[in-house]
Amino acid sequence: MTLTEKILARASGKAQVSAGDNIWVNADVLMTHDVCGPGTIGVFKREFGQQAKVWDRQRVVIIPDHYIFTSDSKSNRNVDILRDFAREQELPYFYDVIDDPSGHWKFDAAKGLLKKQYGSNYAGVCHAALPQKGHTRPGEILFGTDSHTCMAGAFNEFATGIGNTDAGFVLGTGKLLLKVPETMRFRFEGRLQPGVMAKDIILHVIGEIGFDGATYRAMQFDGPGVASLSMDDRMTIANMTIEAGGKNGIFPFDSRTAEYIESRTRLNGTKQGYEPVEADASQRFIHESVINLDELEPTVACHPDPGQRKKAKEMTDVKLDRAYIGSCTGGKTSDFVEFARIVRGRRVVIDTFGVPATPEIVHDLQTTRWGDQTVWDILVGSGVQMTENAGCAACLGGPVDTFGRMNTPLKCISATNRNFPGRMGHKESQVFLASPATVAASAVAGRITDPREYVS
Ligand code: SF4
């Protein structure tokens with residue numbers, strides 16, 4: 001069995017499963033957020049009753065993160081619905097925007113978009129927050145009401161996005177009927193060269209197979225090249241498996257995984273036991289390819305979908321209006337650090353927005369010093385508009401007052417993960433997906449630029 005089949009077999013209580021089998025699996029964690037949470041709660045109450053209790057309080061994680069820093073009253077109300085439900089169900093893992101459990105969330109536009117407006121429990125973008133808060137564990141099943149839930153496959157677990165109806169059912173029962181996906185294997189060899197990042201790997205892979213090339217398939221990333229990839233790198237890659245239509249993405253377990261999981265579960269007092277999976281020697285794939293990491297170059301996915309692959313060095317004629325670094329995919333500490341390496345001592349020449357994925361990342365950037373400056377100071381000093389209000393922000397457009405949203409038809413290079421028409425706001429805007437390094441070099445040059453021009 002493959003890594004995915006091993007986990008699904010265990011979760012269904014079977015010795016063996018094969019691609020195409022329909023099986024009932026037990027969920028280890030169900031995550032929902034402010035966009036899908038109210039709908040999920042509605043389904044749960046309709047189907048299980050107004051007084052029903054969730055199947056396991058310890059396994060439900062609620063993370064408001066999408067439409068938070070906006071004056072849109074319906075968006076603010078969604079956070080209140082989550083709070084009411086968390087209080088009613090006595091859920092220990094609700095990462096509220098405010099500290100008052102009986103309060104109401106209201107964004108104060110008068111304070112501006114840059115200074116933080118959240119309390120001490122707020123966790124930021126769900127997919128970055130889940131591992132930071134100790135909710136990802138090898139060998140487990142994570143369901144989330146968000147397509148990029150697949151990011152947690154970096155931790156050797158089966159993680160996938162589900163709809164509100166399925167999530168309402170999981171809330172009530174802890175179970176879900178799944179078809180075992182076929183597995184596509186991408187074997188990594190070698191290591192990335194300077195100026196090339198994990199984002200370039202996954203943009204390369206999606207370019208190879210197309211934005212629907214892995215529809216309802218598991219994407220297994222393994223081989224000797226994995227050892228050189230940090231957990232942030234693996235998260236970037238697993239995050240974008242859905243951009244090829246993948247059911248899930250998954251990495252093998254190693255000492256880096258163990259170190260991350262053990263420190264995070266200990267730090268947050270979450271469940272510490274876990275049982276990783278290893279693939280069988282006899283595992284079978286529907287597709288196999290080898291990716292030599294040494295040969296990859298900075299890559300861009302052009303408008304209008306993540307499969308439109310080109311090399312950054314071939315796109316220097318594309319003049320840009322805007323650059324954006326943020327999201328679960330591209331708003332991690334390591335992403336901003338790579339960005340800062342390039343803009344340090346330089347100025348961006350187009351509007352450039354920076355949105356860290358989580359408050360912890362804001363803290364990292366504001367306390368990590370390079371000489372007499374913090375990384376945050378370097379970013380701001382180069383002209384990047386950095387907000388402390390960690391969240392999804394303009395990654396998916398959002399209400400018109402969302403930080404960084406494209407309200408006019410602009411061309412933007414972005415470290416985010418999705419570029420379908422209208423994704424970041426105006427439906428005639430164009431989004432070019434790239435690594436944080438490529439976004440930084442392009443922000444400095446004002447046109448799409450290969451970051452190796454700026455890497456010594
Ligand atoms: S940052 Fe973007 S991709 Fe990630 S969860 Fe938020 S909206 Fe989705």
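Tutor: The C-alpha centres of domain 1 and domain 2 lie 23 Å apart. This is a predicted model: local features need pLDDT of at least 70, side-chain atom pairs count only at pLDDT 80 or more, and totals for chains, interfaces and linings use all residues. Residues are numbered from 1 along each chain as its sequence is written.

Student: What are the bounds of domain 1 and domain 2?

Tutor: The assignment for the protein chain gives domain 1 (1-296) and domain 2 (304-453). Such bounds come from an automatic or database domain assignment.

Student: Which residues are closest to the ligand?

Tutor: Ser327, Cys328, Cys392, Cys395 and Leu396, in a shell of 13 residues. A residue counts as near if its C-beta atom, placed from the backbone, lies within 6 Å of the molecule.

Student: Why does the ligand shell lie between domain 1 and domain 2?

Tutor: Domain 1 (1-296) and domain 2 (304-453) both give residues to the shell, so it lies between them.

Student: Which helices each supply at least two residues of that shell?

Tutor: H4 (126-132) and H9 (327-330). Helices are DSSP runs (H or I, at least four residues), numbered from the N terminus.
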